[in-house]
Amino acid sequence: MTVACIGIGIGGVASSAIGDAFMICRGPANVGPSWIDSQTIEAEVARFEMAIGLAGEQLRNVRKQIPDDAPSDIAEFIDTHLLMLEDRALSSQPISLIRSEGLSAEWALQQHRDALVRVFENMEDTYLRTRQDDLDHVVNRIMNILLGEQDNQPDELLGQIVIAEDLAPADVILMKNQGIAGFITDYGGPVSHTAILARSLGIPAIVGARCATKCLKHGERLVLDAATGIVLADCDTAILAHFEARQAEVISRTAELRQRGAEPPVTRDGRAVQLLANIELPDDVALARANGAQGIGLYRTEFLYMNRSTPPTEGDHFAAYLAVVEGMQGRTVTIRTLDLGADKQPAGSNLNPASVNPALGLRAIRLCLKEPGLFQPQIRAILRASAFGPVRIMLPMLTNVWEAEQAERLIRQEMLQLDAEGVEYDHGIPIGGMIEVPAAALNARAFAQRLDFLSIGTNDLIQYTMAVDRVDDELNYLYDPSDPAILRLIGQVIKAGAAEGVPVGMCGEMAADANCIPLLLGMGLREFSMQPAALLDVREQIRGLDTDRLMQAIRSLFDNIESDDIIRLFEDSSPDT
Ligand code: PEP
Ligand code: MG
C-alpha cells in the first residue's frame with residue numbers, strides 16, 4: 001500500500017470512496033502559434049462563433065440534466081458559465097485578433113485567455129481566483145470544440161474515481177449522474193465552485209492534490225479518504241477488504257445512530273448538552289435534521305455571495321434564511337452576519353484590495369461597520385426571517401466591545417425602519433458574537449455583559465493566538481487546540497459567560513474533535529456546533545461521559561498547566577470507563 005497523494009478532503013468526516021481510477025484529460029488545452037490564410041479570415045471567425053454557440057448548447061444541455069432535487073445553487077454554477085460565454089468581452093478580442101492579425105481561432109483564444117489570466121494572477125485573493133477557475137472552464141470548453149475534441153465525457157463511470165487536473169462544475173454534475181464514486185483533482189481549493197458542489201452533492205472528493213494525474217494510474221484500485229485528504233494506491237486485498245469493511249461499518253453505524261435519534265445528548269451523569277449544526281447552504285439542513293441537530297449554531301452566510309456575479313439582494317438573503325428557518329421547524333437558527341473580506345470578497349466589490357495582511361485586515365464585522373450598505377440588506381432579511389421561527393444574530397470576528405455596540409446600533413436602526421414599514425420580526429431577537437480574536441477572549445466578560453450569547457470560533461482563535469495561518473500545513477505542529485494558551489482563553493470565555501449568565505457555545509472544528517470533547521465538557525462547555533456529519537458520533541461520545549468526574553479532574557488544571565500534553569490527562573475518559 002502507498003499513500004499516493006494528499007490534498008484537501010471534501011465531503012465530511014465519514015466520507016470515503018473505493019473505486020478504480022479513471023483518468024480524464026481535462027487540463028487547460030494549450031496550442032502553439034498558428035496563422036491562417038487571409039482568404040479564410042471570415043470563415044475562421046464563423047468557426048470561432050460556431051464553437052461559442054456549441055459550448056452554450058452543451059452547457060444548456062447539462063443544465064437540463066440537473067436532478068430536480070439537486071441544491072438550487074447548482075444551476076447557478078452553470079448559469080455563471082453561460083453568462084461568461086455570452087459576454088462579448090470573452091469573444092470580441094479573439095475575433096479582432098483573427099481579423100487584424102490573421103491568428104487561428106485557437107491561437108487567438110489562447111492569447112486572450114493568457115491576457116485575462118495575467119489579470120487574475122495579480123489579484124492575491126482566493127475568491128477572485130475562483131472566478132479564474134470559471135474562466136478556465138469556459139475557455140477550455142470552447143478550445144476543446146475548436147480542437148475537435150467536443151464534449152469528451154466518458155460513457156461509463158459507474159463506481160469509478162475520476163482523476164483530472166481540474167473539473168468544471170458542469171463535469172461534476174454529469175459525472176454524478178453517471179454514478180462516480182468520487183473524484184480527485186490536481187488544482188482547486190476548498191471554496192472553489194467544484195468543491196462546494198461536491199459537498200452539496202455528497203460526492204467524496206479531494207481537491208488541490210497537485211500531482212494526482214502524475215502519481216496515479218488509470219485503472220488502478222484506489223481508496224479516497226476525504227476525512228484525511230489522503231489517496232491510497234497499491235492496496236493489497238487485505239487492505240482493500242479493511243477499507244470496504246470500514247465503509248460498510250460507517251454506513252451501518254450511521255443508520256444505527258440515526259435510529260437512536262430520540263436519545264437526547266445527555267451525559268452519563270444526566271447533564272444536558274446542546275448539539276447544533278454548522279451549515280453553509282440551505283440544503284445542508286436536511287443532513288443536520290437527519291443527524292439530530294437541535295438547531296443551527298452557525299450559518300455561514302458568506303456562501304450566498306460565492307456563486308454569483310452580482311451581490312445577493314435583500315430578497316435573496318431572505319429566501320435563503322426563510323428556507324433554513326422553515327427547514328429547522330421551530331429549532332433555533334443562528335445566522336452569522338457576513339464574514340467577507342480578506343480571502344472572501346463580495347461580488348462586484350474591491351474592498352481591502354491591497355491589505356498587507358488580509359487576515360488581519362478589513363473583514364467580517366470590520367467590513368460591515370465600514371460598509372453599512374453591505375450589512376443593511378442582510379440585517380433586514382435576518383430580522384424578517386425571525387418572524388417565522390427562532391433566529392439569533394451572530395457577529396463574527398469581534399475584537400472590541402465598541403464593534404459590538406456599533407453593530408447593535410445598526411441592527412436597532414433597521415428594527416425601527418421595519419417598525420415604520422409595519423413589517424413583522426422578533427423584537428427580542430438575541431444578538432451574540434463570535435469569540436475568535438484573542439483580544440475578545442481576554443475581554444470576554446465585557447462581551448458577555450453586552451451580548452446575549454457567545455460562540456467560540458476556535459478555527460480563527462487558534463490561528464490568531466498561535467500566529468499561524470489556519471491553512472498552512474507546514475506549521476501543523478503549532479495549530480494545536482490543546483495548547484495551554486488556547487485552553488486558557490477558552491476557559492476564560494466559559495467562565496465569563498457563567499459569571500454573567502450568558503450562554504457560551506463553540507462552533508469551531510474543535511467542538512467536534514473527539515479528543516477535546518471530554519476536556520471541553522470538564523471546562524463547563526455545554527453547547528457544541530459542528531458540521532452535520534459529525535453530530536451522530538459526538539452525541540454517542542457525550543452520552544458515555546461523566547461530567548462530574550471530568551470537572552473534578554479539570555478543577556486545578558489551569559493553575560498547573562506546564563505541559564502542552566493535556567489531552568493525555570483525558571485519555572481514560574472514553575465512554576467505557
Ligand atoms: C471559526 O473561526 O472557528 C469559525 C467557526 O468560523 P470560520 O471557520 O467560518 O472562520
Ligand atoms: Mg472564523
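Colleague: Which backbone N or O atom lies 3.1 Å from an oxygen atom of ligand 1?

Modeller: That atom belongs to T458. Such a polar contact is a pair of N or O atoms within 3.5 Å; within protein, one must be able to donate a hydrogen and the other to accept it, and residues adjacent in sequence count only if both atoms are side-chain atoms. Taken alone, ligand 1 exposes 290 Å², and the protein buries 97% of that (accessible areas by the Shrake-Rupley method with a 1.4 Å probe; for residues, only the protein chains shown count as cover).

Colleague: Before we go on, what kind of model is this?

Modeller: This is a predicted model, where local features need pLDDT of at least 70, side-chain atom pairs count only at pLDDT 80 or more, and totals for chains, interfaces and linings use all residues. Residues are numbered from 1 along each chain as its sequence is written, chains are lettered from A and ligands numbered from 1 in the order in which they are written, and side-chain values use heavy atoms, with hydrogens and water left out.

Colleague: How many residues surround ligand 1?

Modeller: A residue is near a molecule if one of its heavy atoms lies within 4 Å of it. Here 13 residues surround ligand 1, and R300, R336, G457, N459 and R470 are the closest. Polar side-chain atoms reach oxygen atoms of the ligand too: one of R300 at 2.7 Å, and one of R336 at 2.9 Å.

Colleague: Which element gives the largest share of that shell?

Modeller: Helices (H or I, at least four residues) and strands (E, at least two) are DSSP runs, numbered from the N terminus. Helix α17 gives the largest share, three residues.

Colleague: How is a pair of aromatic rings described?

Modeller: By the distance of the centres and the angle of the planes. Rings of Phe, Tyr and Trp (its six-membered ring) pair if their centres lie within 6.5 Å; planes under 30 degrees apart count as stacked, over 60 as edge-to-face and the rest as tilted. This rule gives two aromatic pairs. One of them joins Y299 and Y321 edge-to-face, with 5.7 Å centre to centre and 90° between the planes. Y299 lies in strand β10 and Y321 in helix α11, so the pair ties together parts 22 residues apart in sequence.

Colleague: Where does pLDDT stay under 50?

Modeller: pLDDT is the predictor's confidence in each residue, from 0 to 100. The stretch is residues 571–577.

Note on methods:
Contact = heavy atoms within 4.5 Å.
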